[in-house]
Amino acid sequence: MSKQPLPTLPMWRVDHIEPSPEMLALRANGPIHRVRFPSGHEGWWVTGYDEAKAALSDPAFRPAGMPPAAFTPDSVILGSPGWLVSHEGDEHARLRTIVAPAFSNPRVKLLAQQVEAIAAQLFETLAAQPQPADLRRHLTFPLPAMIISALLGVLYEDHAFFAGLSDEVMTHQHESGPRNASRLAWEELLAYIRSKMRDKRQDPGDNLLTDLLAAVDQGKATEEEAIGLAAGMLVAGHESTVAQIEFGLLAMFRYPQQRERLVGDPSLVDKAVEEILRMYPPGAGWDGIMRYPRTDVTIAGVHIPAESKVLIGLPATSFDPRHFDDPEIFDIGRDEKPHLAFSSGPHYCIGVALARLELKVVFGSIFQRFPALRLAVAPEELKLRKEIITGGFEGFPVLW
Ligand code: HEM
């Protein structure tokens, strides 16, 4: 009897952002599936909401940056000392506590005016451009990059330098190709942060690099950990949000009735942002976050041996009808139920308040400022950044 070939990841979204029909069909078959990963390894893919949430909080699983010796993570950042997903337990808590205050709800609330002012300034610069203009260049990239640069205490003017390195670091590495370019980029980013952190001895100020320097001086982190933590923040702090703004805008262009609803009732913005995160999370060819059980575990009755690859399918869980009603419908007024776009458990996204703030500022004001905002090309002409884990587009030409 011939064996059925295993479903293979990635399951690319269609029309850039819409859920893959293969993924939807497989998900409908149950909450966990045996699959083949892009690395060629076999393992499991968890697509059920409850099952994914439970696994994310289960200490039996090691995080994405702590693979067993047989595997290599999908990007060079995973596994680097200091990057939070490379640590677990007390060590993870120790490092996370150093940076958590800067991203807490009250601290992020204080940034609201600054984010609004930066967005307003970027809108005016865009308005002064000849049409069509590239929204990536004028808004989606600079907004998150300016904010994270200010928080860290590095100059936004350095972004041309660190953006290229960050792209290289976030390139899919499915254990197949050479990693040298990614590794070198990560080393260069670490060297950049090291020199900026040194500058803070002379010119401290109120920023994360100064906090990290203090943590090193107080023995709470090694210098290597502090540098890894800061470099990771720089990468994580803008890559996902840039892509999320672009994917959300494309969704709004594709569903004009939803856009009109938002324009007609701006109080819907909070729900709209959650719906964008649920249905169109960042990621190109990205099917979830990896976990590695240290012991044998059972998920939905399926036995999984220790040291296997288990991909927690965050995007797929958004289509679980046991959790969301009519999950395949994009509805910005949907009764909010928590989604897993920011993960769950100890590695829950630390930048969640900041990301939400940036998304709310953009989606709460862009269609008011540019009522006729539209793509200047057919959507299929947009070039998806397929090789970058977080996705987004090469450019986002618009008219207004
Ligand atoms: C729409 C934007 C964003 C999305 C969808 C997102 C998503 C995620 C997800 C899914 C994880 C979990 C990784 C895992 O469990 O293995 C995560 C972790 C993380 N995110 Fe975000 N993120 C976003 C924005 C940000 C921002 C603005 C920052 C700012 C610094 C940030 C910093 C981090 C960090 C440091 C972690 C690791 C936390 C830990 O391991 O304790 N993210 N993010």
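This note walks through the fold, the ligand site and some local features of one predicted model.

1. **Ground rules.** Because the model is predicted, local features need pLDDT of at least 70 and side-chain atom pairs count only at pLDDT 80 or more, while totals for chains, interfaces and linings use all residues. Residues are numbered from 1 along each chain as its sequence is written, and side-chain values use heavy atoms, with hydrogens and water left out.

2. **Overall build.** The protein chain holds 15 helices and 10 strands. These are DSSP runs numbered from the N terminus: helices are H or I with at least four residues, strands are E with at least two. The C-alpha trace spans about 65 × 55 × 40 Å along its principal axes. The radius of gyration of the protein chain is 21 Å, which agrees with the value near 21 Å for a compact globule of 400 residues. That radius is taken over C-alpha atoms, and the globule rule is 2.2 Å times the number of residues to the power 0.38.

3. **Burial and contacts.** Of the 400 residues in the protein chain, 56% are buried. Buried means under 20% relative accessible area, exposed means over 50%, and partly exposed lies in between (1.4 Å probe, protein chains only). Take the contacts between residues at least 6 apart in sequence: 72% of them join residues at least 24 apart. A contact means heavy atoms within 4.5 Å.

4. **The shell around the ligand.** The ligand is surrounded by 27 residues. The closest are His-92, Arg-96, Arg-291, His-347 and Cys-349. By class, the shell has 17 nonpolar, eight polar and two charged residues. Here Ala, Val, Leu, Ile, Met, Phe, Trp, Tyr, Cys and Pro count as nonpolar, Asp, Glu, Lys and Arg as charged, and the others, Gly among them, as polar.

5. **Polar side chains at the ligand.** For His-347 the distance is 2.6 Å. For Arg-291 it is 2.7 Å. For Ser-343 it is 3.3 Å. Helix 3 (89-99), helix 11 (223-254) and strand 5 (289-293) are the elements that give two or more residues to the shell. Helix 11 supplies the largest share, six residues.

6. Which protein atom is the donor of the iron atom of the ligand? SG of Cys-349 is the only protein donor, at 2.3 Å. Donors are N, O and S atoms within 2.8 Å of the metal (3.2 Å for Na, K and Ca); water is not among the atoms, so sites may look incomplete. Cys-349 sits in the loop between helix 14 (314-317) and helix 15 (352-369).

7. **Backbone points to check.** Most residues other than glycine have a negative phi, and most peptide bonds are trans. Two peptide bonds here are worth a look. The bond from Leu-9 to Pro-10 is cis, with omega near 0°. Pro-10 belongs to the segment before helix 1 (21-28). The bond from Gln-131 to Pro-132 is also cis, with omega near -5°. Pro-132 is in the loop between helix 5 (112-127) and strand 4 (133-134).

8. **Positive phi.** His-16 has a positive phi, near 70°. His-16 lies in the segment before helix 1 and counts as buried, at 15% relative accessibility. Glu-307 also has a positive phi, near 70°. Its place is the loop between strand 7 (302-304) and strand 8 (310-312). Glu-307 is partly exposed, at 36%.

9. **A buried lysine.** Lys-309 is in the loop between strand 7 and strand 8. Is Lys-309 buried or exposed? It is buried, with a relative accessible area of 1%. Its side chain makes a polar contact with the side chain of Ser-39 (3.1 Å). A polar contact is a pair of N or O atoms within 3.5 Å; within protein, one must be able to donate a hydrogen and the other to accept it, and residues adjacent in sequence count only if both atoms are side-chain atoms.

10. **Helix 13.** Nine of the 11 residues of helix 13 (residues 269-279) are buried, so this helix is largely enclosed by the rest of the structure. Among the buried residues are Glu-274, Glu-275 and Arg-278. Their cover includes helix 11, helix 12 (256-264) and helix 15.

Note on methods. A residue is near a molecule or strand if one of its heavy atoms lies within 4 Å of it.
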